[in-house]
Amino acid sequence: MWWKTPGVCWQNWLKRSGWKELTMGKEQLKSKIEEQRAVYQALKAGNDGTVRYKEFQNGEWGTDDENYTNRLRLAYYLLYCHIEDEEAVAFLFGEELKDREQNSFQGIGSTLEILTHLLRKYNVDGKYASLLERAKNANFDCACGYDPDGQMEDDFGENSLLDCIYLCWEMEYRDVMGSLVDEWKKTITEWSDSNRKVLIDFNTFLKRDAENEKLYQEQLEEILSAEKSSTRDIISGYKNLIRHYIYMCDYGKALCLCEKVIKTTDYGQIRTLRLFKDILEACFEVTANHTTAAASLWNWAKAELQKVPQSSWYGNLYTKGIAAAKAMDDPYGKQLEQEYESFLASFRK
């Protein structure tokens, strides 16, 4: 087989195998997957350190596995390169179970689904029934959604361009993903709200955040020009662009948009919605980072916050309000700090 034959030309193998013609980006992804051959060979030689379960504490999510992505990449290699290796599959399955059972985020994950597909080939007379049952009971998500009889498509050529982009995202192949996203953009003949949102997500993952400004602006323009756009839709469009500017630390542009929302929209219609508090949060962040020009914005946001039932306040609303008050040297910040302490104390009880 090609993966066991040194020196075989990748392109020649594609032609001989009858695979569908691949784009440049898809060829790059297939080559990246084939590079996992070295990891597989190391595993067969007894060097399993890169794919064995390795617990660490993720500051954001809690208990996590440092080698999850490495194991996922190797699982895709075994799947798409049709490696028949019961021992390797069973070992990886066991390591993945440790992650599913310990991971604070829980979830099922593609790795478990791929390894399940591969393990079922060797489950003669229920040889691995106990492992599959353990997977079903690994966590709440597995209990609800894991399918021990699940199957995966093992022909890489069946993947669409979008499929390949999401594969790159999963395996954290940002370089190849960038090429695939550029190819995908050329296939879009008419940009809609849905495919703009998809591109925004891609750009965020690829750290191409600067490219999202135009997309958020186009979304907002489309909402404003539509006859049936609701106040909620309009303010949500503004909020998305404001949040982008805050993320990019362009507080001047964010300030202008916050002021425009206040002056041109009937924000009273959304006062009871979470969206209104999202706008207050944004105003607080802009105030805290642009104090020389945000005095009037702070006065508005402070007054509006006091009209919001305190029972619906939450952590970020408090902390961002406190930061804004301190930046403006407003004594109201002390009151907010005291109220925040009471808020936290209610949870400690």
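Let me begin with a definition: a residue is called buried under 20% relative accessible area, exposed over 50%, and partly exposed in between, with a 1.4 Å probe and protein chains only. By that rule Cys249 is exposed, because its relative accessible area is 51%.

The structure before you is a predicted model, in which local features need pLDDT of at least 70 and side-chain atom pairs count only at pLDDT 80 or more, while totals for chains, interfaces and linings use all residues. Residues are numbered from 1 along each chain as its sequence is written, and side-chain values use heavy atoms, with hydrogens and water left out.

I turn to confidence. pLDDT is the predictor's confidence in each residue, from 0 to 100. The chain averages 92, and 93% of the residues score at least 70. Over residues 1-20, however, pLDDT stays under 50. For that stretch the model has 30 contacts beyond four places in sequence, a contact being heavy atoms within 4.5 Å.

Next, the interior. A nonpolar core is a set of buried Ala, Val, Leu, Ile, Met, Phe, Trp, Tyr and Cys residues joined through side-chain atoms within 4.5 Å. The largest one here has 101 residues, and those with the most contacts inside it are Leu29, Phe93, Leu280 and Trp300. Helix α4, residues 68-80, gives the most to this core, with nine residues. Helices are DSSP runs of H or I with at least four residues, and strands are runs of E with at least two, numbered from the N terminus. Leaving aside residues up to four places away in sequence, Leu29 touches Phe156, Cys164, Leu167, Cys168, Met171, Tyr173 and Val176.

The criterion is NZ of Lys or CZ of Arg within 6 Å of the ring centre and within 35 degrees of the ring normal. Arg174 likewise lies over the face of Phe205, at 4.0 Å from the ring centre.

How many aromatic pairs does a search of the whole structure find? There are 19. Rings of Phe, Tyr and Trp (its six-membered ring) pair if their centres lie within 6.5 Å; planes under 30 degrees apart count as stacked, over 60 as edge-to-face and the rest as tilted. Tyr166 and Phe202 have ring centres 5.5 Å apart and planes at 65°, so this pair is edge-to-face. Tyr166 belongs to helix α9 (residues 161-171) and Phe202 to helix α11 (residues 193-205), so the pair ties together parts that are 36 residues apart in sequence. Tyr166 is partly exposed at 40% relative accessibility, whereas Phe202 is buried at 0%.

Finally, some loops. Thr265 lies between α14 (251-264) and α15 (274-289) and is buried, with a relative accessible area of 13%. A polar atom of its side chain lies 2.5 Å from the backbone oxygen of Val261.

Most residues other than glycine have a negative phi. Gln106, in the loop between α5 (86-102) and α6 (110-119), has a positive phi of about 60°. Cys249, with which I opened, lies in the loop between α13 (231-247) and α14, and its phi is also positive, near 60°.

Note on methods. A polar contact is a pair of N or O atoms within 3.5 Å; within protein, one must be able to donate a hydrogen and the other to accept it, and residues adjacent in sequence count only if both atoms are side-chain atoms.
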